[in-house]
Each structure stands twice: as C-alpha cells, then as structure tokens.
Amino acid sequence: MGARKKISADKRKEALKTMYFAKLQNVPTSPRKMRLVADMIRGMEVNRALGVLKFSSKEAAARVEKLLRSAIANWEQKNERKAESGELYVTKIFVDGGATLKRMRPAPQGRGYRIRKRSNHVTLFVDSKSNNED
C-alpha cells in the first residue's frame, strides 16, 4: 500500500511541474466575500483581470491582484521568458474555507453570542491559451 501512495505522489509532482499557480492561505476575510472577487476574473486574460482588480472597490481585490501577479511570475520563471500581452489566462481560481476563530460577544442577561471570524485559502491557476485548448 505504501508503494502505491508513492507512485501517486510522484505523478502529482510531475503534473504540478506543468501547472502554473499561486496560493494564498489564511486570508482573514470570509470565503463568501473572496468568492465574489474570484468570480469577477475567472477565465479572463491576465492583463484585463489585473485592470478589473485594480479598480474594484472590494478589499479582497487587492489581495487577489497580488496573488495573480505572483502566478504570472511563476509562469515566467518556469518558462524562462516574459509573458506576452494576451497570452496568459486565468484558467482556474477557487476559494476554500480556512480556519475559523471562535470568539464570544457579551449579550444581554449574562449570555454570550458566538462570533465566527472566518478565513480562506485562494488558489489561482494561469496558463496560455494554446495549452488550454489541448
């Protein structure tokens, strides 16, 4: 059973070498708010997505913009060249829930209301259009 797991881990590592992505973990905003921003840029060309994020009024947009720049840099590093305009697209972006901090707020008559301070993890994949179609 151990050998089987080793093979699948090796395949996963090989697959990750051909993927271009960036992760942002433990962002202190709720996943629901972050998904609104992620939905805005899903499938977009990266330069257009950067423009959309730059002028968005949402607080989470600044974090996703920085993450997108990181994913583009990762693509450029693995391909050893600069990305041309109109070449890269946001292929996948997803937001997962992170750890939830549980806090208590004083309530009437000696009770306490629970406050859930949520966090999330964002994963963003970029790729060129030619690789997308294959």
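**Exercise 1.** Is D39 buried, partly exposed or exposed?

*Solution.* The model is a predicted one. The relative accessible area of D39 is 46%. Buried requires under 20% and exposed over 50%, so D39 is partly exposed.

**Exercise 2.** With which residue does R42 form a salt bridge?

*Solution.* The partner of R42 is D39, and their closest N and O atoms lie 2.6 Å apart. The criterion is a distance within 4 Å, so the pair R42 and D39 qualifies as a salt bridge. R42 is itself partly exposed, at 41% relative accessibility.

**Exercise 3.** How are R63 and E59 placed relative to each other in helix 4?

*Solution.* R63 and E59 are four residues apart in helix 4 (residues 59-79), a separation of about one helical turn. A salt bridge links the two, with 3.2 Å between the closest N and O atoms. R63 has a relative accessibility of 31% and counts as partly exposed; E59, at 49%, is partly exposed.

**Exercise 4.** How many salt bridges does a search of the whole structure find?

*Solution.* The search finds six. One of them joins E76 to K82, with the closest N and O atoms 3.9 Å apart.

**Exercise 5.** Which residues of helix 2 and helix 3 meet?

*Solution.* The axes of helix 2 (residues 31-41) and helix 3 (residues 46-54) come within 9 Å and cross at roughly 145°. The crossing is right-handed. V37, M40 and I41 of helix 2 meet A49, V52 and L53 of helix 3. The contact comprises six nonpolar residues, no polar and no charged ones.

Conventions:
Residues numbered from 1 in each chain as written. Predicted model: local features only at pLDDT ≥ 70, side-chain atom pairs only at ≥ 80, totals over all residues. Heavy atoms only, no water. Axes fitted to C-alpha atoms, helices over the stretch in contact; angles between N-to-C directions. Helix = DSSP H or I, 4+ residues; strand = E, 2+ residues; numbered from the N terminus. Left-handed = near helix turned anticlockwise from the far one by under 90°. Contact = heavy atoms within 4.5 Å. Nonpolar A, V, L, I, M, F, W, Y, C, P; charged D, E, K, R; others polar. Salt bridge = Lys/Arg side-chain N within 4 Å of Asp/Glu carboxyl O. Buried < 20%, exposed > 50% of the residue type's maximum accessible area, 1.4 Å probe, protein only.
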